Amino acid sequence: MRFATWNVNSLKARMPRVEAWLADIGPDVVCLQETKLADATFPALAFQALGYDSVHHGQGQWNGVAILSKAGIDDVVNGFADGGPPDVDSRIITATCGGVRFSSVYVPNGRAVGHDHYQYKLAWFGRLRGHLAATSQPGDQVVVCGDFNVAPEDRDVWDIAAFEGDTHVTPPEREALAEVEDWGLVDLFRRQWGDQDRLYTYWDYRAGDFHQGRGMRIDLVLGSAPVVDRLQWCVVDRNARKGTLPSDHAPLVVDLADGG
DNA sequence: ATGGTAGAGCATCTA
């Protein structure tokens with residue numbers, strides 16, 4: 001199975017790139033974030049024409065997450081299934097595709113340390129762990145992937161000094177991410193690439209950051225132990241960040257061995 | 001130079 005995750009930063013603006021990329025990469029399952037669409041305007045028919053079933057949890061204008069699949073989409077959950085109140089934003093959708101329980105997540109940005117949105121971000125991670133505990137077990141085939149808006153280690157940003165006092169690198173954010181991982185998930189990209197640094201998934205549009213190598217590794221694929229056992233390859237598709245009208249995020253592409 | 005660009009949607013907000 002080949003699957004991928006991609007923050008497209010508006011599916012409406014990115015649809016030509018996404019369609020060409022699907023044909024080029026040929027993933028079986030795709031988790032998308034920041035569609036910025038309402039469910040009524042999600043292009044399910046266009047994806048169907050490319051062979052993908054799809055589910056979308058959107059609100060329009062901001063946020064919005066989706067899953068595309070050529071391997072079936074069952075037991076779909078919009079938002080958290082942790083017994084708590086509905087999330088104020090559309091930031092997580094969960095479905096079983098090809099025997100793997102996928103969650104496509106768009107973790108809140110946080111905006112600034114101490115901001116209300118920063119507290120929302122930390123609480124959101126707690127709800128994510130509760131959602132996992134309520135809907136699956138660590139011994140299941142589980143993948144949680146998307147834009148986590150946290151760089152797990154200092155090596156995951158282009159210059160840690162440039163982020164002093166900023167979000168995405170603070171200990172509370174990293175601890176909140178670690179508590180999700182402690183449920184029973186492994187960072188598949190880090191597993192693949194060991195201690196290599198300067199490997200990023202996001203580059204700000206401004207100031208030529210992409211071409212200057214000023215990036216951040218904030219998009220992650222987390223897999224349970226049974227998924228780790230099937231891991232063959234995990235890579236950032238930097239080509240998708242080049243050329244005409246790119247997203248500011250590049251996709252992560254993962255190959256799993258058959259079975260599981 | 002506390003900068004820069006892109007996408008939402010039409011004045012700013014978000015990232």
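Which residues does Leu 188 touch, not counting residues up to four places away in sequence? In this predicted model, Leu 188 touches Val 221, Gly 223, Val 227, Val 228, Leu 231, Cys 234 and Val 254. Leu 188 is also among the residues of the largest nonpolar core that touch the most other members.

**Overall fold**
- Chain A contains 7 helices and 14 strands.
- A compact globule of 260 residues would have a radius of gyration near 18 Å, and the 17 Å of chain A agrees with that.
- Along the principal axes, the C-alpha atoms of chain A fill a box of roughly 45 × 40 × 35 Å.
- Of the 260 residues in chain A, 55% are buried.
- When contacts in chain A between residues at least 6 apart in sequence are taken, 70% of them join residues at least 24 apart.

**Nonpolar cores**
- The largest nonpolar core has 31 residues, and those touching the most other members are Phe 3, Ile 67, Phe 102, Val 143, Leu 188, Val 221 and Val 254.
- Another core, of 20 residues, lies apart from it and includes Val 105, Leu 132, Val 150 and Val 180.

**Surroundings of DNA strand B**
- DNA strand B is surrounded by Asn 9, Ser 10, Arg 14, Gln 61, Trp 62, Tyr 106, Asn 109, Arg 111, Tyr 205, Arg 206 and Ala 207.
- By type, the residues of this surface divide into 4 nonpolar, 4 polar and 3 charged.
- Sugar or phosphate accounts for 60% of the atoms of DNA strand B within 4 Å of the protein, and bases account for the rest.
- Ser 10 places a polar side-chain atom 2.3 Å from a phosphate oxygen of DNA strand B.
- An N or O atom in the side chain of Arg 111 is 2.8 Å from a phosphate oxygen of DNA strand B.

**Positive phi angles**
- Most residues other than glycine have a negative phi.
- Arg 111, though not a glycine, has a positive phi of about 65 degrees.
- Arg 111 sits in the loop between β7 (100-106) and α3 (116-135), and its relative accessible area of 54% makes it exposed.
- His 168 is another residue other than glycine with a positive phi, near 80 degrees.
- The loop between β8 (142-147) and α4 (171-181) holds His 168, which counts as buried because its relative accessibility is 9%, under the 20% cut-off.

Note on methods:
Residues numbered from 1 in each chain as written. Chains lettered and ligands numbered in written order. Heavy atoms only, no water. Core = buried A, V, L, I, M, F, W, Y, C linked by side-chain atoms within 4.5 Å. Buried < 20%, exposed > 50% of the residue type's maximum accessible area, 1.4 Å probe, protein only. Contact = heavy atoms within 4.5 Å. Near = heavy atom within 4 Å. Polar contact = N/O pair within 3.5 Å; in protein donor to acceptor, adjacent residues only side chain to side chain. Nonpolar A, V, L, I, M, F, W, Y, C, P; charged D, E, K, R; others polar. Helix = DSSP H or I, 4+ residues; strand = E, 2+ residues; numbered from the N terminus. Rg over C-alpha atoms; globule rule 2.2 N^0.38 Å.
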